[in-house]
Amino acid sequence: MQKHLRILAPATLLICLATASFAQDPAAAEETTAETVVATVNGQEITLGHMIAARAGLPPEYQQLDSAALYNGILEQLVQQSALAQTFEGGAPLRITKALENEERSLMAREAIEAILETAVSEEALQALYDRQFGDIDPEEEFNASHILVETQEEALAVKEGIDGGADFGATAREFSTGPSGPNGGQLGWFGIGMMVPEFETATKALTTGEVSAPIQTQFGWHIIKLNEKRQANIPTLEDVREDLAAEIRQMAAQEAIAASTDAADVKIRADVEIDPAILQQTELLD
């Protein structure tokens with residue numbers, strides 16, 4: 001039974017992987033380079049470089065296939081494309097030449113960027129960016145708190161009176177709190193500055209560990225807050241954020257290179273012709 005793989009390319013072709021094997025006998029293989037000819041179609045050469053470039057352009061799911069099957073599939077595709085292309089009569093259509101010019105421009109721009117990015121990230125650059133982002137910041141406080149949420153001030157005062165009288169905070173939260181944390185004893189876990197509504201945050205910051213607040217009102221209702229614990233948030237180390245910093249450095253280097261090359265280029269945008277932007281939809285101009 002034949003196994004098939006459909007590879008998307010400028011001309012999508014069905015590739016049969018089991019019926020024909022184009023792979024060379026390893027024992028007879030010569031020293032290979034990108035210019036090594038692996039097949040000819042009516043004298044037109046297909047090189048190993050063509051195959052490598054074709055594989056690099058495949059979607060990730062195809063690149064994970066067995067190497068031998070992928071080799072045979074790509075080679076057969078290139079053979080089929082070459083044979084079919086040679087049946088076309090006349091010169092390359094304008095839509096093909098323009099597409100090739102765009103593709104070459106894009107690929108060369110990518111090569112230029114890649115060359116810049118190879119040297120953009122250094123230990124010095126990483127340390128400098130880390131120092132700018134984290135060197136002068138003070139650790140922020142984080143809070144671990146529980147709360148009881150009720151609808152009215154009267155209910156909140158009654159709850160506070162009960163807790164002041166010795167009632168367990170968690171049990172009271174489970175019995176009376178209308179918030180989603182009620183079944184968990186009102187526990188909110190750890191949170192930092194800016195994560196709670198202002199009234200709640202202000203009241204929490206004013207508490208000492210173990211203290212229970214007076215009733216405070218927010219847009220959600222009336223709260224009784226207990227501060228369980230507080231700590232200083234950890235400032236990440238360079239190793240913690242190395243990958244993020246490296247990505248940021250590469251992004252900045254790419255943007256700087258694009259801006260510098262464009263500024264240095266002799267760019268002339270014609271102002272003497274009026275072009276309706278909608279004309280870009282008229283693909284018939286390429287016929």
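A residue is called buried when its relative accessible area is under 20%, exposed when it is over 50%, and partly exposed in between, using a 1.4 Å probe and protein chains only. By this scale Asn42 is exposed, because its relative accessible area is 70%. The structure is a predicted model, in which local features need pLDDT of at least 70 and side-chain atom pairs count only at pLDDT 80 or more, while totals for chains, interfaces and linings use all residues. Residues are numbered from 1 along each chain as its sequence is written, and side-chain values use heavy atoms, with hydrogens and water left out.

Of the 287 residues in the chain, 29% are buried. The accessible surface comes to about 19400 Å², and carbon and sulfur atoms hold 53% of that area; such areas come from the Shrake-Rupley method with a 1.4 Å probe, and for residues only the protein chains shown count as cover. Among contacts with a separation of 6 or more, 61% are accounted for by residues 24 or more positions apart, a contact being heavy atoms within 4.5 Å.

Two helix pairs can be described in turn. Helix α5 (residues 123-134) packs with helix α9 (residues 242-264) at an angle of about 105°, and their axes are 10 Å apart. Here the axes are lines fitted to C-alpha atoms, for helices over the stretch in contact, and the angles run from 0 to 180 degrees between N-to-C directions. Angles under 35 degrees count as roughly parallel, over 145 as roughly antiparallel, 65 to 115 as roughly perpendicular and the rest as oblique; α5 and α9 are therefore roughly perpendicular to each other. On the α5 side the contact involves Glu123, Ala125, Leu126, Leu129, Tyr130, Arg132 and Gln133, which meet Arg242, Leu245, Ala246, Glu248, Ile249 and Met252 of α9. Eight residues of this contact between α5 and α9 are nonpolar, one is polar and four are charged. In this sorting Ala, Val, Leu, Ile, Met, Phe, Trp, Tyr, Cys and Pro count as nonpolar, Asp, Glu, Lys and Arg as charged, and the others, Gly among them, as polar.

The second pair joins helix α1 (residues 48-56) to helix α3 (residues 67-85), packed at an angle of about 110° with axes 10 Å apart. That angle makes α1 roughly perpendicular to α3. His50, Met51, Ala54 and Arg55 in α1 meet Leu70, Tyr71, Ile74, Leu75 and Leu78 in α3. Seven residues of the contact of α1 with α3 are nonpolar, one is polar and one is charged.

The nonpolar cores come next. A nonpolar core is a set of buried Ala, Val, Leu, Ile, Met, Phe, Trp, Tyr and Cys residues joined through side-chain atoms within 4.5 Å. The largest one has 13 residues, and those with the most contacts inside it are Leu126, Tyr130, Leu238, Val241, Leu245 and Ile249. Helices α5 and α9 each supply at least two residues of this core, and α9 gives the most, with five. Leaving aside neighbours within four places in sequence, Ile249 is in contact with Ala120, Val121, Ala125, Leu126 and Leu129. A second, separate core has twelve residues, including Ile46, Leu48, Leu75 and Leu78. In soluble globular proteins, nonpolar side chains tend to be buried together.

Asn42, in the loop between β3 (37-41) and β4 (44-47), has a phi near 55°, a positive value in a residue other than glycine. Most residues other than glycine have a negative phi. Asn144 lies in strand β5 (residues 141-150) and counts as buried because its relative accessibility is 16%. Not counting residues up to four places away in sequence, Asn144 touches Gly189, Trp190, Lys226, Leu227, Asn228 and Glu229.

Helix α7 (residues 169-176) holds Ala171, which is partly exposed with a relative accessible area of 36%. Gly170 is also found in α7, and Gly170 is buried at 14%. The C-alpha atoms of Gly170 and Gly185, 15 residues apart in sequence, are 4.0 Å apart in space, and those of Ala171 and Gly186, 15 residues apart along the chain, are separated by 8.9 Å. In helix α6 (residues 153-164) sits Glu154, exposed with a relative accessible area of 57%. Glu154 and Trp222 are 68 residues apart in sequence and 9.3 Å apart, C-alpha to C-alpha.

Conventions: Helix = DSSP H or I, 4+ residues; strand = E, 2+ residues; numbered from the N terminus.
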